[in-house]
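Here is a short walk through one protein model. Keep the sequence and the 3D view side by side as you read.

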Amino acid sequence: VRFPEDLEDDNTTFNPEYSHQVFGDDEVAFGYKGLKILLYYIAGNLSTLFRIEYTSKVNEKFDCVEADDVENKIREIIPPGFCTNTDDFVSLLEKEVNFKPFGMLLHTYTVHNEEAGEDITYQIYKADMTCPGFREYHERLQTFLMWFIETASFIDVDDERWNYFLVFEKYNKDGATLFATVGYMTVYNYYVYPDKTRPRVSQMLILPPFQGEGHGAHLLETVHRYYMSSPTVLDITAEDPSENYVKLRDFVLVKLCQDLLCFSPGKLMQGFSQEMVMEAQQKLKINKQHTRRVYEILRLRATDMGDAEQSRSYRLDVKRRLIGPYKKKQRELAKMRRCLRPEELTNQLNQIDLNMQHEQLEESFQQLVSDYRRVLERLAQA
């Protein structure tokens, strides 16, 4: 909500992707007709208005069943101090002009908005719990995780090894410059013996009204650039990354790596090398596993897939990596032959059908090439 009229505007409304963490696996609130759970956030500081509406509710006295305590379930997520009536919320909205982003400005960029017909400015900040007011703001911000990340959990903000990176949109209201929350990322700094750290991306969320505009890529690249300048950082990883995050990371890392000398077309055609691993880690804080994916994507760009020899060489190179888990199964099978009885061995053999493995390998390869092509298409447009 930026203006009072946004309260009645359906265009500013967005719905949760998940609600199982609040309402159970069935995602059902029992005992209501016409139930609406309404959460309004002021665009910048995320002050909250919470209301529940319904046309009727079961009654324990007459219906012999009890309705779910929806209000209490929501109260367990949103921090205390929220508004319950519109007038209080609108009066807070008038003070929004005083809200400023927390922490240190790292990056400013613009995105062209077709609807508005103009470039809109965004900024990325790094914050921590020592910033006045940030702790309370973060409590409100993390409530979005429950609705948009499938396995979300709130973090221990008293642990000083957390870093917070925030994206804000700058907009004008009555001649003043205001800021709207776009999204954020939390990163935990793990200790690596003897004197390094390994930042691990924990949570990343771009709010639905801003998705598909490239903010995730700007945020991830900014975070990489922030840690790249630190001599104590070994490499950057992610905790349990989603499929979408992996695609985003592929794009950002390829963009960062494509100008390194070790990824020149001539060197790509010679195969994956230790030089690539060393240069990507030392200059860009990228680990070996991610560097390998970058190599495969850039080699695909350098390969003429219409040329039978080049295409075959690329396919074999990628499949040699993909076959790793299958080879592990073969080694396990060799062990089984030595210690299992014949009927047990037959059981295991049925699970490891070689033809099926070849089919799965080809399927994995085709899926990977399809994903890589999308990264390259996006890179060509960047």
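This is a predicted model: local features need pLDDT of at least 70, side-chain atom pairs count only at pLDDT 80 or more; totals for chains, interfaces and linings use all residues.

Start with helix 8, residues 243-257, and helix 11, residues 288-302. Their axes come within 9 Å. They cross at roughly 75°. Angles of 65 to 115 degrees count as roughly perpendicular, so helix 8 and helix 11 are roughly perpendicular to each other. Helix 8 makes the contact through V246, R249, D250, L253, V254 and C257. Helix 11 brings H290, R293, V294, I297 and L298. Sorted by class, this contact has seven nonpolar residues, three charged residues and one polar residue.

Now turn to helix 5, residues 134-141. Its buried residues are F134, Y137, H138, R140 and L141. These residues span an arc of only 160° around the axis, so they lie on the same side of helix 5. What lies over them? The cover includes strand 2 (36-41), strand 3 (48-53) and strand 6 (118-127). Strand 7 (162-173) and strand 8 (176-192) are also among the covering elements.

Finish with the cysteines. How many disulfides does the structure hold? It holds zero. A disulfide needs two cysteine sulfur atoms within 2.5 Å. Take C262: the closest cysteine sulfur is in C257, 7.1 Å away, and that is too far for a bond. C262 is buried, with a relative accessible area of 0%. C83 is buried as well, at 7%.

Notes:
Residues are numbered from 1 along each chain as its sequence is written. Side-chain values use heavy atoms; hydrogens and water are left out. Axes are lines fitted to C-alpha atoms, for helices over the stretch in contact, and angles run from 0 to 180 degrees between N-to-C directions. Helices (H or I, at least four residues) and strands (E, at least two) are DSSP runs, numbered from the N terminus. Angles under 35 degrees count as roughly parallel, over 145 as roughly antiparallel, 65 to 115 as roughly perpendicular and the rest as oblique. Contact means heavy atoms within 4.5 Å. Ala, Val, Leu, Ile, Met, Phe, Trp, Tyr, Cys and Pro count as nonpolar, Asp, Glu, Lys and Arg as charged, and the others, Gly among them, as polar. Buried means under 20% relative accessible area, exposed over 50%, partly exposed in between (1.4 Å probe, protein chains only). The arc is that of the directions from the helix axis to the C-beta atoms.
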